[in-house]
Amino acid sequence: MDHCFGEPSAARDNSHGAGVELYLELMKRCLLNEIYPELEMSAKTYEASDRQEGREWPAGAHTMIGRKRLDNIQSCIEDILKHDIAGDLIETGVWRGGAIIFMRSVLKAYGICDRIVWGADSFCGLPPPKESYPADQGSWLHECEELAVSLTEVKANFQKYGLLDDTVRFLPGFFNDTLPNAPIERLALIRLDGDLYESTMVAIEHLYPKLSIGGYLIVDDYVLPPCRQAISDYRASSGITEEIAAIDWTGVFWQRLS
Ligand SMILES: C[S@@+](CC[C@H](N)C(=O)[O-])C[C@H]1O[C@@H](n2cnc3c(N)ncnc32)[C@H](O)[C@@H]1O
């Protein structure tokens with residue numbers, strides 16, 4: 001059972017104040033597992049700076065995107081709410097679910113129940129590289145079992161935060177199967193985190209046309225040449241000229257203006 005508190009209108013002028021900030025700060029610490037790092041039972045060593053900067057595949061945390069990319073999600077959503085930009089939120093490539101769990105927590109903190117958070121993923125890892133996408137040739141990411149997280153596990157992670165409700169929906173399957181006919185009308189925020197050229201291109205091709213003016217497009221993997229190439233190709237073919245802003249050493253975003 002979902003319990004929304006507060007009025008959406010109050011949320012838009014940020015009048016929830018300190019309680020929201022305290023809750024979202026604690027969410028970030030939990031999602032990054034800064035709270036109990038000593039409990040990560042892994043051969044990997046825990047480097048606080050790597051965790052903060054999102055430079056590792058953590059053994060125990062629910063997201064690998066680091067602090068600045070979580071902050072970026074929060075500020076984009078707050079701007080969307082402030083300016084009443086219509087649409088749902090989606091991440092393509094959710095892994096353990098941390099980024100979309102955080103999206104739902106931001107909406108919930110502001111009392112928003114009328115926007116869906118969509119999570120698109122195969123829930124079994126990346127697809128092998130296809131000949132039709134030369135930029136992906138040689139990629140070994142599909143062999144990484146660490147990147148294969150089941151939908152059951154992602155839902156269980158949502159439940160740990162008390163955030164699995166009917167405003168959270170999943171699109172299980174490879175993006176080329178799920179995104180072309182996804183039952184999404186309009187988006188205010190798109191977060192691309194699929195690593196490959198194919199995963200980035202398929203997602204942006206099918207979702208960007210649904211992005212509201214004033215909405216945000218976030219790219220997690222811009223440091224990876226195949227992802228960067230897909231973004232560059234799509235921007236060129238679609239005439240997108242909005243300036244790309246850096247979030248951190250890999251994440252970028254822009255606001256759709258036309
Ligand atoms: C780097 S992880 C995402 C990290 C996540 N956003 C987080 O908060 O930690 C990449 C995810 O993308 C998914 N993925 C990549 N390409 C895909 C595709 N073409 N179709 C479906 N899922 C894909 C993988 O299964 C994996 O869960």
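The axes of helix H8 (residues 197-207) and helix H9 (residues 225-238) come within 7 Å and cross at roughly 30°. Axes here are lines fitted to C-alpha atoms, for helices over the stretch in contact, and angles run from 0 to 180 degrees between N-to-C directions. H8 and H9 are therefore roughly parallel to each other (under 35 degrees; over 145 counts as roughly antiparallel, 65 to 115 as roughly perpendicular and the rest as oblique). Helices (H or I, at least four residues) and strands (E, at least two) are DSSP runs, numbered from the N terminus.

This is a predicted model: local features need pLDDT of at least 70, side-chain atom pairs count only at pLDDT 80 or more, and totals for chains, interfaces and linings use all residues. Residue numbers start from 1 along each chain as its sequence is written.

Back to the helix pair. From H8, Tyr197, Thr200, Met201, Ile204 and Glu205 meet Pro226, Cys227, Gln229, Ala230, Ile231, Asp233 and Tyr234 of H9. Contact requires C-beta atoms, placed from the backbone, within 7 Å. The residues of this contact divide into 8 nonpolar, 2 polar and 2 charged. Ala, Val, Leu, Ile, Met, Phe, Trp, Tyr, Cys and Pro count as nonpolar, Asp, Glu, Lys and Arg as charged, and the others, Gly among them, as polar.

Now take helix H2 (residues 18-31). H2 and H5 pack at an angle of about 170°, with their axes 10 Å apart. They are therefore roughly antiparallel to each other. Val20, Tyr23, Leu24, Met27 and Leu31 in H2 meet residues of H5 including Ile101, Phe102 and Val106.

Next, the ligand. It is surrounded by 24 residues, and the closest are Gly93, Trp95, Ala99, Gly194 and Ser199. A residue is near if its C-beta atom, placed from the backbone, lies within 6 Å. H5 and H8 each supply at least two residues of this shell. By class, the shell holds 12 nonpolar, 7 polar and 5 charged residues.

Trp95 lies in the loop between strand S1 (88-92) and helix H5 (98-109). Its phi is near 50°, a positive value in a residue other than glycine. Most residues other than glycine have a negative phi. Trp95 is buried, with 25 other C-beta atoms within 10 Å (20 or more is buried, 12 or fewer exposed, in between partly exposed; C-beta atoms are placed from the backbone).

Phe123 also has a positive phi, about 60°. Phe123 sits in the loop between strand S2 (117-121) and helix H6 (151-160). With 19 C-beta neighbours inside 10 Å, Phe123 counts as partly exposed.

Technical notes. Contact = placed C-beta atoms within 7 Å.
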